[in-house]
Each structure stands twice: as C-alpha cells, then as structure tokens.
Amino acid sequence: MYKHILVAVDDSRTSKKALEEAIALAKLHGAVLEIAHAVDESLLQTFSNHGVALADAKRMQHALLESGESTLGEAVRMAEEAGLSPRRRLLTSEDLHAADQIAKAVIDSGADLLVVGSHGRRGFQRLLLGSVAENLVRKVSISVLIVRSPH
C-alpha cells in the first residue's frame, strides 16, 4: 500500500494521463498526493552563454515561473475536483535539470511512489532531448510508475 505519492507534471497530454493515474492510486490507497512541477532554469544559463541579453533572460525566467505556476495550479485543481487535498511543489533551480530536481523532491518529500509520464520518444529525438522518466528511474530509490503517452 502506498502512503505518499509524488507525481511530476508538465503541460503535456502524457502528464495529464500520469496525473489521472496518480489521483486514482491516491484515492485507492488513501495516500497523500503531492504534485510537483520542475522549472528547468538551467536552460537560461545555456542561452546566456550564447549571447542572450540579461534582460531577455530575466523575462524568460519570469515566463518559465509563470508557466510552471499555471501548470501546477491546473494539476492541483484537477486533484481537488477528484476529492483530494494535494500538496503542491514548484521546483526551481538555476543549475539542476528537471530530473535532478524531481529526484531531490522525492527524497525531501518521503514519497514511496513516483508517477511520471513518458512521451516515448525514440531515435534521434530521444538522443537530443533525453528522457526525464528514464533518468528518474536511475536516480530514485523508490518505485516509479511510468505512464506512457496516449496514442
């Protein structure tokens, strides 16, 4: 039986499906549901190293944080509409990528199940973009439920 489920969300359809699974599991097990969204500010460092002006980087950072708050808020509302009182966690870091931020949140939260969506990218696209879900499986020591992309 799970006691504390952490679900990592973004603004994709796959993430929504993962959230639905996490909500159902939390209700079934009477578990705490914690919803997290990672804002990958490390991308800003990459842009600034390649000539993006500081003012533009600040605007981008603000936009990323606003988008993250919106994504997290929508996910929390969805869980509340299902009758849960979820915890919310906006993750930010200037130097940690999303998978590292989520792995740290797993440790900090004491969760015993991590739910994430996987877009199922293959080939060059997977090589170029990497896989947050795949990285998390290697980084965390708890069970991970990977919800596949809806077709």
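1. Let's start with Gln 101, which sits in helix α4, residues 98–109. Helices here are DSSP runs of H or I with at least four residues, strands are runs of E with at least two, and both are numbered from the N terminus. A quick word on what you're looking at: this is a predicted model, where local features need pLDDT of at least 70, side-chain atom pairs count only at pLDDT 80 or more, and totals for chains, interfaces and linings use all residues. Residues are numbered from 1 along each chain as its sequence is written, and side-chain values use heavy atoms, leaving out hydrogens and water.

2. Is Gln 101 buried or exposed? Gln 101 counts as buried because its relative accessibility is 5%; buried means under 20% relative accessible area, exposed means over 50%, and partly exposed is in between (1.4 Å probe, protein chains only).

3. Now look at what the Gln 101 side chain reaches. One of its polar atoms lies 3.0 Å from the backbone oxygen of Val 39, and the side chain also gets to the backbone nitrogen of Thr 92 at 3.2 Å. A polar contact is a pair of N or O atoms within 3.5 Å; within protein, one must be able to donate a hydrogen and the other to accept it, and residues adjacent in sequence count only if both atoms are side-chain atoms. Leaving aside residues up to four places away in sequence, Gln 101 touches several residues, including Ala 38, Asp 40 and Leu 96. Contact here means heavy atoms within 4.5 Å.

4. Ser 109 is also worth a look, and it is found in helix α4. Ser 109 counts as buried because its relative accessibility is 14%. A polar atom of its side chain lies 3.1 Å from the backbone oxygen of Val 106, and the backbone nitrogen of Ala 111 lies 3.1 Å from a polar atom of that side chain. Ser 109 touches Arg 89, among others; those two are 20 residues apart in sequence and 9.8 Å apart in space, C-alpha to C-alpha.

5. Zooming out, the protein has 6 helices and 5 strands. The 5 strands make an open sheet with parallel pairing, in the order β3-β2-β1-β4-β5. The edge strands, each pairing on one side only, are β3 (87–93) and β5 (143–148). Two strands pair if DSSP finds at least two bridges between them. For instance, β4 (residues 113–118) pairs with β5 in the parallel sense over 6 bridges, and Leu 114 stands opposite Val 144 in β5.

6. What lies across the strands β1, β2, β4 and β5? Helix α1 (residues 13–29) does, running at about 130° to β5. Axes are lines fitted to C-alpha atoms, for helices over the stretch in contact, and angles run from 0 to 180 degrees between N-to-C directions.

7. Finally, the inside. The largest nonpolar core has 20 residues, and Ile 5, Val 7, Leu 19, Leu 33, Ile 35 and Val 115 touch the most other members. Such a core is a set of buried Ala, Val, Leu, Ile, Met, Phe, Trp, Tyr and Cys residues joined through side-chain atoms within 4.5 Å. The largest share of this core, 6 residues, comes from α1. Among the residues that Val 7 touches are Ala 18, Ala 22 and Val 115. A second, separate core of 17 residues includes Ala 8, Ala 99, Ala 111 and Ala 133.
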